[in-house]
Amino acid sequence: MAGALVTTYRTVIGLGGGPLLPAVSFLGRLPTAMCQLGSLLLVARTSGSLATAGLVGGALAAGQTVGGPVVGRLADRLGQRPVVLVAALLNACAVTGLVTGALGRAPTAGLAALGVLVGLSVPQVGPLSRSRMVALARHAEADERTVSGVLSLEGTLDETSFVLGPALVGVAATVAHPAVALGLAAALLAVCGVAFALHPTARAVAPVGGGRRGAPSQGSGLRDPRPEGSALAGAEVGRGRHRRRGTVYALRSSAALQGAMFGACQAGITALTEELGAPGQSGLVYAAMGVMSAVVGLAMASVPSGVTLTARWRAATCAALVLALPLLVVHSLGWLYVVVVVLGSAYAPHLITLFSLTERVVPAARLGESMAFMTSGIIGGQALALMAAGPVAEKYGPGAAFGVAVGTAAAACALAWAARPERAREGHGGALAPASSAG
């Protein structure tokens, strides 16, 4: 199995011409994971107000939730190169402006406005890297194992960035100042964000005809697998489009619920470690969960193709629910590590499966937008859950926040079993095939 995984990932990395693209895309998405915590720590230190820091952090999250799909849609219409190039440079300037404003003791309204701008201008390297790599795989007529490997690798890069990013911020804040971490984020955006935009593979998702709405991607190779003019392609247009739309909404809702579970767990972990007199352990506990999720994510490429994506979705959500239940009764730091690390094994399979289903359901010409929608849903769900679970944990204890996490896991599980994505378009072996009409 290990040999097959190595072969799969060697093929995946070869799609982009070598390791440069994954390296650049990883470093280009790292600032996204750094800016949320970095802005909180920076504003809290310079203003002396946790309320002000929370407002700025919330503004940043809101901007990113709204701006992600917009950047994705522009990239689908105009091509990734110009959109990511402009967004990366604008985001670097916005982050620099936030640092300057915070150090200069700017008023709260000004800092919140800068936070919104930072969120709106995130270049969405992660979602657009997914759509680019999938386009390269489809253009090369790669098999489904390779496509699964693409999405597994991208999921692992995301998980690793969201573990390493806050860790870098914490180290910088302890050794020097949070402004140093945000300065590093701005530099990574200016260098690696631009490098991702200018990489030759950006042409794989270049639009046709100046970015007409619904136009297929020139060179993307994302073709409708159904024979042109077939009875299936004609008869399913109306019903299939409606089913795809419903499926897309279900997938986005599931991503938001996963984000909410992240946020509730983060609030519960923070509350419990403080209750146990070890507040410094909260980041390490969360990082341990992320490491486990990343490891399992890499192994997802070895799942047999006969296991349908619908079955994977349901299994992952059921596992998340079952593995989250022990959080309700954990009362020691050692058991918290055990429970959280085991729970992390369910996260990557769920998210990778959601992105895989999205890739097969949405039209190729809107893949970047759809991937960005999924990421924005995760971020939005996490921010809302943090706002809700934080006060609940403060008033009723960590178990209440963990109860929110279990509730969101139950909702995600119910949604996975209620949805019927295979009815939108079922392809070879029960796997969903790429769609060709707007959803």
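Modeller: Among contacts in the chain between residues at least 6 apart in sequence, 85% join residues at least 24 apart, where contact means heavy atoms within 4.5 Å. The model is predicted, so to speak of local features pLDDT has to be at least 70, and side-chain atom pairs count only at pLDDT 80 or more, whereas totals for chains, interfaces and linings use all residues. Residues are numbered from 1 along each chain as its sequence is written, and side-chain values use heavy atoms, with hydrogens and water left out.

The secondary structure of the chain comes to 14 helices and 2 strands, taken as DSSP runs numbered from the N terminus (helices are H or I with at least four residues, strands E with at least two). Of the 439 residues of the chain, 54% count as buried; buried stands for under 20% relative accessible area, exposed for over 50%, and partly exposed for what lies in between (1.4 Å probe, protein chains only).

Which residues of α5 are buried? They are Leu-111, Ala-112, Gly-115, Val-118 and Gly-119. These residues cover an arc of only 115° around the axis, which puts them on the same side of α5, the arc being that of the directions from the helix axis to the C-beta atoms. An α-helix has 3.6 residues a turn, so residues three or four places apart point the same way.

When neighbours within four places in sequence are left aside, Thr-52 is in contact with Val-43, Ser-47 and Thr-108.

Helix α2 holds Val-24, which is buried with a relative accessible area of 11%. Not counting residues up to four places away in sequence, Val-24 touches Cys-192, Ala-195 and Phe-196. The C-alpha atoms of Val-24 and Leu-188 are 9.5 Å apart in space, although these two residues are 164 apart in sequence.

Helix α4 in turn pairs with helix α8 (residues 178–198), the axes of the two coming within 8 Å and crossing at roughly 170°. Here the axes are lines fitted to C-alpha atoms, for helices over the stretch in contact, and angles run from 0 to 180 degrees between N-to-C directions. That makes α4 roughly antiparallel to α8, since angles over 145 degrees count as roughly antiparallel, those under 35 as roughly parallel, those from 65 to 115 as roughly perpendicular, and the rest as oblique. The residues of α4 that meet α8 include Val-84, Leu-85, Ala-88, Ala-92 and Val-99, and those on the α8 side include Leu-182, Ala-186, Leu-189, Gly-193 and Phe-196.

The loops on either side of α5 complete the view. Arg-105 lies in the loop between α4 and α5, while Gln-124 has its place in the loop between α5 and α6 (125–139). Phi of Arg-105 is near 60°, a positive value in a residue other than glycine; phi of Gln-124 is near 55° and is likewise positive in a residue other than glycine. In accessibility, Arg-105 counts as exposed at 57%, whereas Gln-124 is buried with a relative accessible area of 4%.

Ser-370 lies in helix α13 and counts as buried at 5% relative accessibility. Ser-370 and Gly-68 are 302 residues apart in sequence, yet their C-alpha atoms are 9.6 Å apart in space. Leaving aside neighbours within four places in sequence, Ser-370 is in contact with Arg-252, Thr-358 and Val-362.
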